[in-house]
Amino acid sequence: MCLALALVTLVLYWPVQHFAFVNYDDPENVTQNVHVLAGLKPASVRWAFTNGISGMWIPLMWLSLMADAQIYGLNAGGYHLTNLFLHLAATLLFFGALRRLTGHTWRSAFVAALFAWHPFHVESVAWITERRDVLSACLWALTLWTYPRYVERQSLPRYLAVLLVYALGLMSKPMLVTLPAVLLLLDYWPLNRPRRAQLIWEKIPFLCLGALTSLATLTFESQIGSVASMEQLPLSVRAANAVVGYIRYLGKTLWPVNLTVFYPYNTALPAWQIVGAVILIVLITVVVLMLARRAPHLPVGWLWFVGTLFPVVGLFQAGSQSMTDHYSYIPIMGLFIMTAWSAPAKPVWAVVGSVILLACLPATRCQLRHWQNSETLFRHALTVNRNDWVAHQNLGETLEAKGQDAAAATEYRAALVTQPDNAEVHFNLANVLTRLGQSTEAAHHYTVALWLQSDYVKAHVNFGNLFLQTGHLDDAIRQYRAALVLQPAMAEAHNNLGLALAGKSDYAGAVRQYEAARRVWPDSATVRANLADAQRKLKLALPAQSK
């Protein structure tokens with residue numbers, strides 16, 4: 001059974017070895033992250049345990065990416081294969097854990113196969129940034145595998161083993177804070193442990209670790225400004241998106257169509273959707289609780305789904321998405337369990353299960369193709385939603401990197417239709433318009449970007465560059481000085497300020513700026529040449545000034 005699961009999963013996902021990085025979080029996490037690219041060096045390892053740039057404390061995920069960087073460099077195929085092997089390991093561990101917990105081989109295999117082959121899980125496997133998903137899933141499944149060993153023969157070493165694996169899981173992704181609640185569900189079914197206070201007390205250390213992780217996550221998210229305030233998103237809007245989100249996750253599990261990398265947030269959901277979602281959630285909950293005595297797997301599976309999705313369903317909103325495929329990676333396992341253990345042990349249901357699994361294979365392979373590179377990913381996203389501003393923005397960046405500035409400008413303008421207050425999109429559009437020679441419109445978008453975000457250092461520098469190109473030296477100097485107030489050690493700003501000052505024959509000031517740039521960029525031939533030229537002109541100017 002393990003061999004069959006492994007072979008089909010490998011064949012299904014094997015094309016990922018030829019996939020590229022995508023320009024959506026991969027640059028920040030890998031391709032432009034100097035700590036990750038340095039590999040497993042002592043300084044990088046320290047950084048992995050002390051940073052929160054992603055809004056999470058996930059040192060184990062960083063260490064795994066550093067190991068890949070040390071082996072593969074910037075060969076994206078190697079990172080993708082690591083994701084695939086971790087997904088495969090999670091699949092086999094889930095199969096082993098469920099089989100150990102329940103004693104049912106075929107039902108456990110069905111759940112594991114759905115986990116491995118469901119189209120909803122493509123994002124977690126095919127997106128290098130979601131290394132935290134596949135890695136944390138391995139440790140989640142390993143926790144479920146070690147837990148019944150502790151239950152069978154309770155001892156301190158076995159208990160500590162479960163706690164250690166759980167702690168490692170939290171270091172991969174904080175979403176594992178819900179795992180102690182899942183262990184309590186498993187105590188009810190299938191372990192059938194006596195309902196006594198011990199079950200709660202033995203989870204206290206797990207809950208404490210989860211609480212510390214949650215606190216760290218909220219702190220880091222707040223520091224990077226990704227947590228929406230109540231003024232931005234009132235509780236009523238969050239609750240509406242949360243209940244509708246549960247039904248959307250349920251719907252895409254049952255019928256996985258129109259899957260995409262980004263689902264824009266809707267602050268004005270129709271009342272019928274909200275009311276309908278509430279009624280459906282309450283109805284399902286009541287039914288599974290009523291059937292708990294005869295079919296205990298139903299409340300366990302349903303509460304697994306509802307509980308593990310709760311931290312990311314939108315009540316604690318981080319980011320601008322309403323939902324995302326990779327959030328489903330662990331939660332929909334509960335729905336799979338409900339399905340597998342509800343089917344009677346009859347041949348006809350084995351056929352139905354086989355048909356479901358076989359239907360997943362072409363759907364997953366089709367969804368996988370969209371993740372080949374940034375352009376295929378975001379062009380597909382725009383077929384799902386033409387108003388997806390994230391897709392327009394990232395497709396624009398992809399086309400810009402290919403030198404297709406006119407096409408990139410079209411995408412940026414499309415993004416601004418729904419996101420007129422996005423400083424980054426204005427900045428990107430200004431850059432391509434500058435290269436297209438449309439300096440007046442470019443200046444407008446730089447101005448808007450800086451009005452929206454006054455501390456946008458790169459916008460100050462590029463706006464200065466535009467002024468420098470068009471001969472407006474005083475305006476250029478003003479922009480470069482504004483950038484240096486915000487970032488004093490920015491070599492580009494010092495160098496370009498030197499060019500502007502030299503253009504006004506202030507060679508002494510230019511020399512000072514070039515020297516400051518050289519202290520940051522000691523190996524830059526351009527800075528050395530500019531400095532030598534300014535020093536030469538300053539020497540020529542001094543005798544003339546003395547006369």
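**Entry 1: lining of the second largest pocket**

I sorted the residues lining the second largest pocket by type and found 20 nonpolar, six polar and two charged. For this sorting, Ala, Val, Leu, Ile, Met, Phe, Trp, Tyr, Cys and Pro count as nonpolar, Asp, Glu, Lys and Arg as charged, and the others, Gly among them, as polar. The model is a predicted one, in which local features need pLDDT of at least 70 and side-chain atom pairs pLDDT 80 or more, while totals for chains, interfaces and linings use all residues. I number residues from 1 along each chain as its sequence is written, and side-chain values rest on heavy atoms, with hydrogens and water left out.

I noted a volume of about 670 Å³ for the second largest pocket. Of its 28 lining residues, Trp106, Phe110, Trp349, Ala350 and Gly353 are the closest to the centre. A pocket here is an open set of points on a 1 Å grid over the protein atoms alone, where a 1.4 Å probe fits, with protein on both sides within 12 Å along at least five of seven lines; lining residues have an atom within 4 Å of a point. The volume is the space filled by probe spheres set on the points, which are joined across faces, edges and corners.

Helices H1 (2–13), H7 (105–117), H17 (333–342) and H18 (347–369) each supply at least two. Helices (H or I, at least four residues) and strands (E, at least two) are DSSP runs numbered from the N terminus.

**Entry 2: salt bridges**

I searched the whole structure and found 18 salt bridges, each a side-chain nitrogen of Lys or Arg within 4 Å of a carboxyl oxygen of Asp or Glu.

Glu375 and Lys402 pair at 2.3 Å, N to O. Glu375 lies in helix H19 (374–384) and Lys402 in the loop between H20 (389–401) and H21 (405–418), so this bridge ties together parts 27 residues apart in sequence.

Lys458 pairs with Glu492 at 2.8 Å, N to O. This pair links helix H24 (457–469) to helix H26 (491–503), 34 residues apart. I recorded Lys458 as partly exposed at 32% relative accessibility, and Glu492 as partly exposed at 22%.

Within it, the closest N and O atoms of Lys203 and Glu202 are 2.9 Å apart. Both Lys203 and Glu202 are buried (buried is under 20% relative accessible area, exposed over 50%, partly exposed in between, with a 1.4 Å probe and protein chains only).
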